[in-house]
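Here are my notes on the model you sent over. Have it open as you read, and click on each residue as it comes up.

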Amino acid sequence: MTTPELDPDIVEAPYPFQRHLGFDFAAWRPDYCRLTLPLAHELMNRYGIPHGGVHAAMLDSAMGFAGCYTGDRDAPRLAMTLSLNVNYLGQARGGVLIAEGTRTGGGRKTFFAEGKITDEQGTVVATGTGVFRYRG
């Protein structure tokens, strides 16, 4: 029996910034999160490519959610970003950004994560690492 990539019953309602950018959950499980974002005109910079801040926000979100999975919508775990590093590696060729975040370690109060953004054609667009602190 295969486990579904995303149980819709555990996904929280979109928060305002998520709604503004337009990204959605594609997968969420312990230590892993995948988000997707269809590219739209308002996400582009002056050159007509996705603004670097979009990549940073997607990496930050995917890595943060990777460390905050509880499996229970009514018992969310929250974290705040302490450090975020983004490496811009290529230009998206497709029309959808896919951000994947993986919790790589940590302890009771903080965790570490790494992330990658590709497009639906597999082009690696950006990578990142982050340090996050659990809240409350």
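Is Asp31 buried, partly exposed or exposed? Let's settle that one and then work through the rest. Keep in mind that this is a predicted model.

1. **Asp31.** The answer is partly exposed, because Asp31 has a relative accessibility of 34%. You'll find Asp31 in the loop between E1 and E2. Look at its backbone too: phi is positive there, about 70°, although Asp31 is not a glycine. That deserves a second look because most residues other than glycine have a negative phi.

2. **Cysteines.** How many disulfides does the structure hold? The count is 0. A disulfide is a covalent bond between the sulfur atoms of two cysteines. To count here, the two sulfurs would have to be within 2.5 Å. The sulfur of Cys33 has its closest cysteine sulfur in Cys68, and at 9.8 Å that is too far for a bond. Seen from the other end, Cys68 is in no disulfide either, with the sulfur of Cys33 as its nearest at 9.8 Å. Both residues are tucked away: Cys33 is buried at a relative accessible area of 0%, and Cys68 is buried at 6%.

3. **The nonpolar core.** Cys33 turns up again here. The largest nonpolar core has 29 residues, and Cys33 is among those with the most contacts inside it, along with Phe25, Leu35, Leu37, Met58 and Ile117. Several elements give two or more residues to this core: strands E1 (24-29), E2 (32-38), E4 (96-106), E5 and E6 (124-135), plus helix H2. Which of them gives the most? That would be H2, with 8 residues. For a close-up, select Cys33 and show its contacts: leaving aside neighbours within four places in sequence, they include Phe25, Trp28, Ala62, Phe65 and Ala99.

4. **Arg34.** Next, look at Arg34, which is found in strand E2. Is this arginine buried or exposed? Arg34 counts as buried, because its relative accessible area is 18% and the cut-off is under 20%. Not counting residues up to four places away in sequence, Arg34 touches Glu5, Asp24, Phe25, Ala26, Ala27, Ile98, Ala99 and Glu100.

5. **Thr118.** Over in strand E5 (residues 110-119) sits Thr118. Its relative accessibility is 10%, so Thr118 counts as buried.

6. **The largest pocket.** Now for the open spaces. The largest pocket has a volume of about 320 Å³. There are 15 residues in its lining, and the closest to the pocket centre are Tyr15, Ser61, Gly64, Phe65 and Ala79. Helix H2 (52-66) and strand E3 (78-88) each supply at least two lining residues, and H2 gives the most, with 5. By class, the lining has 9 nonpolar, 3 polar and 3 charged residues.

7. **Ala79.** Ala79 lies in strand E3 and is partly exposed, with a relative accessible area of 30%. Try the distance tool on Ala79 and Phe111: they are 32 residues apart along the chain, and their C-alpha atoms are separated by 9.1 Å. Phe111 is also in the contact list of Ala79, together with Cys68, Phe132, Arg133, Tyr134 and Arg135, if you leave out residues up to four places away.

8. **The cavity.** How many cavities of 30 Å³ or more does the structure hold? There is 1, and about 30 Å³ of space lies in the largest cavity. Its lining is made of Ile10, Glu12, Trp28, Thr70, Gly71, Asp72, Arg73, Ala75 and Pro76. These divide into 4 nonpolar, 2 polar and 3 charged residues.

9. **Ile49.** Last stop: the loop between E2 and H2, which is the place of Ile49. Ile49 counts as partly exposed, because its relative accessibility is 28%. Not counting residues up to four places away in sequence, Ile49 touches Leu43, Met44 and Gln91.

Methods:
Residues numbered from 1 in each chain as written. Predicted model: local features only at pLDDT ≥ 70, side-chain atom pairs only at ≥ 80, totals over all residues. Heavy atoms only, no water. 1 Å grid on protein atoms, 1.4 Å probe; cavity = no way out; pocket = protein on both sides within 12 Å on 5 of 7 lines; lining within 4 Å. Points joined across faces, edges and corners; volume = space filled by probe spheres on them. Helix = DSSP H or I, 4+ residues; strand = E, 2+ residues; numbered from the N terminus. Nonpolar A, V, L, I, M, F, W, Y, C, P; charged D, E, K, R; others polar. Buried < 20%, exposed > 50% of the residue type's maximum accessible area, 1.4 Å probe, protein only. Core = buried A, V, L, I, M, F, W, Y, C linked by side-chain atoms within 4.5 Å. Contact = heavy atoms within 4.5 Å.
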